[in-house]
Amino acid sequence: MTTETTLNRRQLVKLSASAAAGLIIARSASAQEAALAESDPTALALGYAEDASKVDTAKWTKKAGPDGEKQLCSSCSLYQPIDDVWGGCSIFPGKKVKGAGWCNAWISG
Ligand code: SF4
């Protein structure tokens with residue numbers, strides 16, 4: 001192993017640590033994002049509700065029945081937890097959605 005190789009590995013470790021710190025900062029910043037409003041046009045189109053128990057299952061039949069009861073933002077594969085209550089969602093960039101919420105784009109995680 002050459003000195004150059006060792007330095008490169010050290011640099012790589014430093015870069016990895018910096019990248020990890022950057023992700024943590026980015027995650028903290030996303031906690032400051034505004035909550036998605038249920039009145040947002042895309043949220044309305046997808047039936048987003050902060051409280052999944054209040055979804056009109058006659059209108060949003062995907063949410064009906066025993067399988068629908070298990071559908072929450074927090075169990076959706078598009079959900080990226082921020083804290084115990086909120087998370088990010090790739091359908092709504094720049095906004096945070098409630099883990100207890102739901103929308104018709106729910107995908108099994
Ligand atoms: Fe919630 Fe998933 Fe809909 Fe995003 S796509 S709002 S995480 S149910």
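1. The structure, a predicted model, holds two aromatic pairs. A pair here means rings of Phe, Tyr or Trp (its six-membered ring) with centres within 6.5 Å; planes under 30 degrees apart count as stacked, over 60 as edge-to-face, the rest as tilted.

2. Y48 and F92 form a tilted pair, with 6.2 Å centre to centre and 55° between the planes. Y48 is in the loop between α2 (41-45) and α3 (65-69), and F92 in the loop between β2 (86-89) and β3 (96-98), 44 residues apart. Helices (H or I, at least four residues) and strands (E, at least two) are DSSP runs, numbered from the N terminus. Y48 counts as buried because its relative accessibility is 5%; F92, at 4%, also counts as buried. Buried means under 20% relative accessible area (1.4 Å probe, protein chains only).

3. The pair of W60 and W102 is edge-to-face: 6.4 Å centre to centre, 65° between the planes. W60 lies in the loop between α2 and α3 and W102 in the segment after β3, so this pair ties together parts 42 residues apart in sequence. Both W60 and W102 are buried.

4. Around the ligand are Y48, C73, C76, L78, Y79, C89, I91, F92, C103, A105 and W106, by the criterion of a heavy atom within 4 Å. This shell divides into eleven nonpolar residues, no polar and no charged; Ala, Val, Leu, Ile, Met, Phe, Trp, Tyr, Cys and Pro count as nonpolar, Asp, Glu, Lys and Arg as charged, and the others as polar.

5. On conventions: residues are numbered from 1 along each chain as its sequence is written. In this predicted model local features need pLDDT of at least 70 and side-chain atom pairs pLDDT 80 or more, while totals for chains, interfaces and linings use all residues, and side-chain values use heavy atoms, without hydrogens and water.

How values were computed
Buried < 20%, exposed > 50% of the residue type's maximum accessible area, 1.4 Å probe, protein only.
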